[in-house]
Amino acid sequence: MKTDGELIEDINGGDDGAFEVLYHRYRDWVYGLARRFTGSDGEALDVLQETFMYLLKKFPGFVLTAKMTTFLYPVVKNFSITAGKKRRRFKFVSTEAVFSNEEADPENPLDTQRAELRAAIDVLPENQREVVLLRFVDGLSLDEISEVMRVPLSSTKSWLYKGLKKLRGNAGVRKYFLG
Amino acid sequence: MNDKYDKIEYDGEFEVNGEFGEDLKTVYGAKRGVPVEVDRAILSEARKHLGKKRSRLRIGRWAISAAAVAAVVVFAFVHNYDAGDSGQMAMVDMEAVKEDIDRNGRVDILDAFVLARRVEASEGVDAEWDINGDGIVDGKDIDAVAVRAVRINKGA
Amino acid sequence: MKLSSLIVKAFLCVLVLASVIGSEPVARGDSSVVAGGEEVVYFVPVGVYVDSGDNSLGVYQVEIKVLKGDVKIVGVEGGEHAAFKKPPYYDPAALMKGRIILAKFSTQDDLPTGRTKVATLHMQVTGDVLPEYEVIVNVVGDGDGKAIYAVVTVE
């Protein structure tokens, strides 16, 4: 399997097949990230397209000096912001507001549990929420999170610690914690 | 400095069960996949964009310019008046004679430019300009001159 | 005709840059959330522009130095016009340092005029001191290599 660097070299040489490989490698991650930032499937698809068009226009001549996720993260974030959606979709979410989503079933205890989790996550400060989601949804290591968010590792650790501490203190999500 | 944060992965107080990540993915993940039409649109643009660039790619010799004028090129360059070491940046050590194509006592991008023009015109090419010693005066020699011109430590 | 070198004091472009926010959507680390005096590290693209006016731009060589701030050059990209789309020549030894020489030429017929972005430098900035740069122009020439008046800026 070619590395990102090798694919980029091929793309610089005009290989659209290599671009396709790179696209599929990061498509779902970009889409998921855009979905989180925008809160909307439709807007997330727009951001996905804008992000990869932005990347495409870098060729030929693109030189990757960091990981692809590090390069893509601020691009996705900024396109999401300019798509007109606020990152904090809900300052405070009551469980009733989530139940208004047609996909949630108030009779289903699992939906209730997830609604409470969503409510607890959404009220975290922005950086704490972002770190928690990058860690547990995207599976990034703390070093990788530091790199994509472009902050020191100590900041990442601090935000993760504080975020988890707040969640653990929330009765609705306490059940997820082992300690 | 932040010892307690270093232990966060192992601190039982904040250890979460597997359901935590799964439920977060369910809550925050996309409700549907990327439609194939979106894939097609993006990749079609890529083929168009990269295909255009590929058709201009030349391997080996540099592209021949129809309007290329042989031989006589007048050069001028700007010196920085700053008295610092940058005043010497346009100068190179006199050992780099072979890269000094225009024989003005310095190696800069104009030397690469002159060589490129000569190679394109296929005339007036001096064997001395075989910078890399492979028996051919071509794009690789042009690159070698340019690389020399941008070296930050001229003595290296 | 023997080629003769002319030292032209046509101009000096020493530009001190106050702000380094680039036009591309790159996020800057949020210094407001860093507690306890910890330094922020962020990345910013810096465009290198050559304004050759009515003259075609065929060749350039510029040196860019960091005058102020903890700044390292971490990447180099090409410019916008097809003639300068590929990355310029540069010394890899300049990466992770604060000084670089960029140079490129084009023998194509289609050359840019006016203000042209010829390269993008990716900078790693540490701390909150606003970076300042110096630009030293070694060479700017037209399609025949003839010296032309041009203004080179970084922003």
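Reply: Begin with confidence. pLDDT is the predictor's confidence in each residue, from 0 to 100. This is a predicted model, and chain C averages a pLDDT of 78, with 75% of its residues scoring at least 70.

Me: Where in chain C is confidence lowest, and where is it highest?

Reply: The lowest mean, 46, belongs to strand β1 (residues 5-8) of chain C, and the highest, 95, to strand β5 (residues 99-105) of chain C. Over residues 5-36 of chain C the pLDDT is below 50, and this stretch has 70 contacts in the model beyond near neighbours in sequence. For the complex, the predictor gives an ipTM of 0.76 and a pTM of 0.43.

Me: How many helices and strands does chain C have?

Reply: Chain C has zero helices and eight strands, so its pattern along the sequence reads β-β-β-β-β-β-β-β. Of the 155 residues of chain C, 44% count as buried. Among its contacts between residues at least 6 apart in sequence, 76% join residues at least 24 apart.

Me: In what order do the four strands of the open sheet in chain C stand?

Reply: The general idea comes before the case. Strands of a sheet pair through backbone hydrogen bonds, either parallel or antiparallel. In chain C, four strands form an open sheet in the order β4-β6-β2-β8, and the pairing is antiparallel. Strands β4 and β8 of chain C stand at the edges with a single partner strand each, so one side of each has no neighbour in the sheet. From one strand to the next, the twist averages 25°.

Me: How many bridges join β2(C) to β6(C), and how many join β4(C) to β6(C)?

Reply: Strand β2 (residues 41-51) of chain C is joined to strand β6 (residues 115-126) of chain C by eleven bridges. In that pairing, C:Tyr42 has C:Val125 of β6(C) as its bridge partner. Strand β4 (residues 70-78) of chain C is joined to β6(C) by eight bridges. Here C:Ile73 is the bridge partner of C:Met123, and C:Lys72 that of C:Gln124.

Me: What about β8(C), and which of its residues are on the covered face?

Reply: Four bridges join β2(C) to β8(C), and these strands run antiparallel. C:Tyr49 stands opposite C:Thr153 in β8(C). In strand β8 (residues 151-154) of chain C, the covered face has C:Val152 and C:Val154, while C:Val151 and C:Thr153 are on the uncovered one.

Me: Now a helix. Which residues of α8(A) are buried?

Reply: A residue is buried if 20 or more other C-beta atoms lie within 10 Å of its own, and exposed if 12 or fewer do. In helix α8 (residues 142-149) of chain A, the buried residues are A:Ile145, A:Ser146, A:Glu147, A:Val148 and A:Met149. What covers them includes α4 (68-82), α7 (126-136) and α9 (153-168) of chain A.

Me: Is C:Met96 buried or exposed?

Reply: C:Met96 is exposed, because it has 10 other C-beta atoms within 10 Å. Its phi is positive, about 65°, and it is not a glycine either. C:Met96 is in the loop between β4 and β5 of chain C.

Me: Which peptide bond of chain A is cis?

Reply: The peptide bond from A:Phe59 to A:Pro60 is cis, with omega near -10°. A:Pro60 is in the loop between α3 and α4 of chain A.

Me: Last, the contact between chains A and B. How many residues does each chain give?

Reply: Chain A gives 42 residues and chain B gives 37. On the side of chain A, the elements giving two or more residues are α2 (16-38), α3 (41-56), α6 (109-122), α7 and α9. α2(A) gives the most, with nine residues. By type, the residues on this side of chain A divide into 22 nonpolar, eight polar and twelve charged.

Technical notes
Residues numbered from 1 in each chain as written. Chains lettered and ligands numbered in written order. Predicted model: local features only at pLDDT ≥ 70, side-chain atom pairs only at ≥ 80, totals over all residues. Contact = placed C-beta atoms within 7 Å. Pairing = 2+ DSSP bridges. Nonpolar A, V, L, I, M, F, W, Y, C, P; charged D, E, K, R; others polar. Axes fitted to C-alpha atoms, helices over the stretch in contact; angles between N-to-C directions.
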